[in-house]
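Open your viewer and get your selection tool ready. This tour goes stop by stop, telling you what to pick next and what is there.

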Amino acid sequence: MREMTYSEAMAIGILEALAEDETVVLMGAGFGGLHGDPAVWGQLREKFGDRITNPPIAELGYCGIAVGAALTGLRPIVAIGTGSFSFEAFPQIANEAPQAYYGSRGQVTCPVVFHMRAGIRGAGALQHSTAPQAMYWNTPGLEICVPGSPADVRGLIKAAVRSDNPTIFIDHERLHPLMGEVDETSSGDIPLGVADVKREGSDVTIVATSIMVHRALEAAESLADQGVSAEVVDPRTLVPLDKDAILRSVAKTGRVVVADETQKSCGVASEIAATIAEEGFDSLRAPIKRVAIPNVPIPYHQSEEDYVTPTAQRIVEAAQVICS
Amino acid sequence: MSSTMDITTEDKLDLLRRMVLIRAFEERVIDLYHRGDIAGLVHVGIGQEAVAVAVATSLLEGDYLYGTHRSHGHFIARGADINKMMAELAGRANGYCEGLGGSMHLVAAEVKAMGATGIVGGTIPLALGTALAHRDAGLVVAVYFGDGAANTGGFHESLNIAALWKLPVVLVCENNGYAEFTPMSEHTVVERVSEHCKPYGIPARTVDGNDLLEVLEAMSRAVEHARNGEGPTMVECLTYRLRGHYIGDPAQYRQANEVAEWREKDPIERLTKQLKSERALDEDAASTVKREADERVEDAVRFALGGEYLSMDAMTARVFG
Amino acid sequence: MAGSELSVDTLKSALHRMMLIRRAEEQVIDLATSFDDLIRGHYHVYIGQEASGVGACMALGPDDYMFTTHRNHGHVIARGGEPSPVIAEIIGRTTGYNKGRGGTFHVIAKHLGVLQTSAIVGGCVPMAAGAAFSIKKRGTDQVSLVFFGDGVLEEGAFHEALNMSSLWKLPLIMMCENNSVLPEGRRQGEYPSSSFAATQLADVAKAMNVETHVVDGGDVREVAGLLTELAHRTRAGEGPFFIESRMTRWPGNRGSFPELIGGPHQMDWTWDPGTADARLQDWLTNSDPVSLLCRSLVEEGAMTREEVEEIDAATRKEAEEAREFALSSPTPSPESAMDYIFA
Amino acid sequence: MANLRFVDALREGIAEEMRADPRVMILGEDVAVGGAFGVTRGLVDEFGHGRVINTPISEDTIMGIAVGAAVAGKRPIVEIMFVDFITLAMNQLVNHAAKVHFMSGGQLAVPMVIRVQQGAQGGWGSQHSQSLEAWFAHVPGLKAVAPGSAADANRLIRASIRDDSPVVFIEHRGLYFRHDPDGLEPGESVLGKAHIVREGSDITLVSYSRMLTECLEAAEDLAGKGISVEVIDLRSLVPLDIDTVIESVRKTNRLAVAHEAVVQGGLGAEIAARVQEMAMDYLDAPVLRIGAPYTPPPASPKLERAFVPDRAGIAARLHRMLSYSKEEGS
């Protein structure tokens, strides 16, 4: 076990994916964002420079190129940059890639990974803070990974690359510098569609995605001080969604807070809450609370940003309401 | 000013003052950024001031302007209030956008500076739309973009539509040789962005973007062309940003000698030298220009840092008009 | 490069493919108009463009890739596709190439290298460039060929893909089928359009340093000759190439709901266009690639009329059988809609 | 208003606004020749090519042009021929149209209407048949409207054009050539106000757009079995009139939401999440979400029929819902 940043763990995962399969190529190199550890990323360039292509700023064009390459024997990982830029490539990400396998009735597969940085990052303002995962969830045929820890990002990037399906891989700008333990002596593989209980508890379930896992853990600490035992469940992937793990926890606690950093309306938390309300109805002893972004674009200044950010405190408050 | 032929020495001094003000503003922005008073992704255009001033000078009051992610200079040259600009960068309610937009999303509608954007090439279609709205009114719309934007689909769609509909728009390419961190040779096959205009019959010129008077001359013709109803044109200004892509970018992707060469071509130095050789400016006067600019910027900083923040109710009320 | 170098056997085989496309498409139109529930929406046929698709596909080898658009039926058959699974696909039967999943817009045939057919204007060009990128990365000598219409040049995706293909010297052939050309302007000439400002389509590609060619898309010899040369050069690393294949629209190609003016093509019309419906005569005389090829082969003495008519009878029969095959094929079970979401 | 077909009522609404306000203009592929479905047929004759503007196939730029015209004082209507093609315009729609008002601190307004046409009908396959309203509902700054009747098409398009925000106006191609059923009383048509189309006491059924018709028919079928269904037409998806829904749930204690879009991440999720949060105590059964399965729309007619919820399927699921009890599970 070694403590490392999320960025470094992602770089290690990408290095391992490249080493494992020579058809893996990178389009762009903006993974890990501005905090990427130069030592590790340098190693990546040195070892696999010929498999890294730096495309022009033409998201639509290069995402399409990645789809075409995926149809013909490569496994591209595409760095789109901030989630907002993925809207420029929507025709390829949401209209071509997810339909290739289905539309051809299984004749062709499209093993491409679209990587994007999402979330409220600190003065990213409206066009550099977008988290589009909810929209991709409404687009059948896309797998969606939202890893929240170094070990998870390393394992899931490899699973995403190995998957024969197009995968949306979303990290969060504020995750990059966060530290966590990674076991470099093992493969660290994590299958898609398996949730992880990040903390066990008995009074309330907090379903948390991506950066919210950390805020949920922080909230759980503070709830513990108040005598409330919170269980933190991290789905890790939205598609496939490990409903069983979530429902198991709900069956135990009967109370749920869904914590997610996308806008509330038709957001990730809505789908998770609706699913629990539908399939876990009999277990529920209180309404499910959603802690998400209100329906506003992400503003520029910190005070405004903080206001819209789903924080640990807001998780605590939501839990208090349903536990009382 | 309709033509550079009429430019007086006093005009030139005024152009210099504006460039100096932009430079002073942005240098202070860098300082405030490092002090933590300004946050986020902030892109400065130090070294590109001549384009900003020339473009703004060529436009009339009723004309419109669209910017990019690197637009402080564009807006200041256009006459935007630097107090409200600085306040916006500092995220205050007394800023142009009440702190909701920040550096990348400046809008100063009072001077018809309609918007910067964080999306490369994103304002080009917007400019076309504004031109469409006003094409019968004799108004002109100028829109900035960089060499990187010339690879986006929206740019090419816009060339076609602007030509097809003969829109009164001037496409101002600030070709600073880099698309974010990538040199032009690695992102496109064309030597000059203006080459893309040929198939559509759009008149295009490539000029020395650090020579204010040359840009002004080209811009004046382009604006006149648009105002006469003759359709779009492109003015490609070869220039250079002396700093990194954003504040904090160490810019290790470029050679020291390249930067040094461009420092020699600093547009402010060039015009200063010219005015000195014309005996229109001496050392004292030059320092006065600088001092006055610094003082105005200090006022702006005081205005900005003294500003309140928008209330959260007001913020949520801004989602719909 | 000259098309005249094509052997008589090759030309016969090309004629066979062209006629097969024509007859299959006639069946498609008939199915759409005779049944309410088979092709319920709009659809696009390739009648009148057969020479372009067949000529281009003659230059491809078995391992090459081909991408196409909403107007794909003819391209798939040109590439060697069988009419039966093509028609079955169009009417949504399990025996279709994609088991009825894709329909008229999305006939995909992996074994022919037809990997995607996008109904989004311009959607296929970046993907084809991606296949070319993959070829280059894997170091094989395959070619990626993409068919698209002239409207694609209005889409930004085309320009983004064009720039990257040129920048990275990808083994890509972009076959722009411009079917809006008047007969006299088919070889050269301007592009008169209310929606595209450039008067020469090829200029757009030239501006990005891509070698361009203009070809008479109504002449299968010219198309095959040019494409064979370019495919060869593409394999040698000289790509990408942009071709404007100019052709004149079949009068029955009325937007999205084609009409068989005067019924299916009669071979009498080929030999004597004056016997056809007045609306077709000019097109049959000057522009119909099938009629032009038939007449020239007979005039040159390469084939007799009887031989041509034998091919016609054979393809007509093949298309009729394909229709019957499709109509008698089972429809998919409703729950199969849930299959093939993820691999 | 006479009982016009949906398409004619919609066109009439656009024309009325264009007559009333010279700032209103319409842009899109083929709009000057009537558009793909005839919605804009004849408008060019009355208003000229200066206000009914044919565009190249350049969706993103068309969207951007409309934003630029809107901030400069026009009230543009953009027609996107199929909603699937809005993927090509998402950049300008999400990054500018939705945000310009907010990011400018209210300096600029973007009064524009984005007309889209959607729905799985006709076997047009996966790139011409999607229902994407949840995308729009997720993007703050966009309003979204989805009329289910000709009368509403007329009134809501007018309200949308008059609105100072960007409104995505969702048309269903299966509705275009229909007349409203006899006796349909549209009520007041304003943005943000749902309408109880049929009163009932056993189950609340929420829907919009074409699915409303299936819901009304299902309600009719169930009435024959003595089950009383209250049918609510949302009409406006953003703003969402949750109060009307909750008021109804308090009466019926059961809620179903039916739409043609994919269930996962769809509008039903939002309604279910909100209602269980705000009115859980009133629910005797889980909120039932009825929608398309998690697949792209299939082209095959038979598969497509299975993909789209229908009258019989809705009625059957509502019927089962009534027998739900906590002990047994559903």
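The stops below cover a chain interface, a domain interface and a few salt bridges.

**Before you start**

This is a predicted model, in which local features need pLDDT of at least 70, side-chain atom pairs count only at pLDDT 80 or more, and totals for chains, interfaces and linings use all residues. Residues are numbered from 1 along each chain as its sequence is written, chains are lettered from A and ligands numbered from 1 in the order in which they are written, and side-chain values use heavy atoms, with hydrogens and water left out.

**Stop 1: chains D and A**

Select chain D and chain A together. Here 48 residues of chain D are in contact with 50 residues of chain A, contact meaning heavy atoms within 4.5 Å. The two chains bury about 4500 Å² between them, and 58% of that is on carbon and sulfur atoms. Buried area is the accessible area (1.4 Å probe) that two parts lose on being put together, summed over both. Now pick out D:Trp135, D:His138 and D:Glu277: in chain D these lose the most area to chain A, together 16% of what that side buries.

Next, look at the polar side of this interface. Between chain D and chain A there are 28 residue pairs in polar contact, both residues at pLDDT 80 or more. A polar contact is a pair of N or O atoms within 3.5 Å; within protein, one must be able to donate a hydrogen and the other to accept it, and residues adjacent in sequence count only if both atoms are side-chain atoms.

Colour by secondary structure now. Helices H4 (90–97), H5 (100–103), H6 (133–138) and H10 (267–279) of chain D are the elements that give two or more residues to the side touching chain A. H10(D) gives the most, with eight residues. Helices (H or I, at least four residues) and strands (E, at least two) are DSSP runs, numbered from the N terminus. By residue class, the chain D side divides into 25 nonpolar, 15 polar and eight charged. In this scheme Ala, Val, Leu, Ile, Met, Phe, Trp, Tyr, Cys and Pro count as nonpolar, Asp, Glu, Lys and Arg as charged, and the others, Gly among them, as polar.

**Stop 2**

Zoom in on D:Arg289. It forms a salt bridge with A:Glu271, the closest N and O atoms being 2.8 Å apart. D:Arg289 also forms a salt bridge with A:Glu278, with the closest N and O atoms 3.0 Å apart. D:Arg289 lies in strand S12 (residues 288–292) of chain D and A:Glu278 in helix H10 (residues 268–279) of chain A, so this pair joins two chains.

Is D:Arg289 buried or exposed? It is buried, at 7% relative accessible area, while A:Glu278 is partly exposed at 21%. Buried means under 20% relative accessible area, exposed over 50%, and partly exposed in between (1.4 Å probe, protein chains only).

**Stop 3: the two domains of chain D**

Across the boundary, 28 residues of domain 1 are in contact with 24 residues of domain 2, and the area buried is about 1900 Å², of which carbon and sulfur atoms give 58%. Select D:Ala120, D:Glu133 and D:Ala146, which in domain 1 lose the most area to domain 2, together 24% of what that side buries.

One salt bridge is counted between these domains. Go to D:Arg235 and D:Asp152, which form a salt bridge with closest N and O atoms 3.2 Å apart.

**Stop 4: within a chain**

Staying in chain D, select D:Asp163 and D:Lys143, a salt bridge with closest N and O atoms 3.0 Å apart. D:Asp163 sits in the loop between H7 and S6, D:Lys143 in strand S5, 20 residues apart. Both residues are buried.

Note on methods: Salt bridge = Lys/Arg side-chain N within 4 Å of Asp/Glu carboxyl O.
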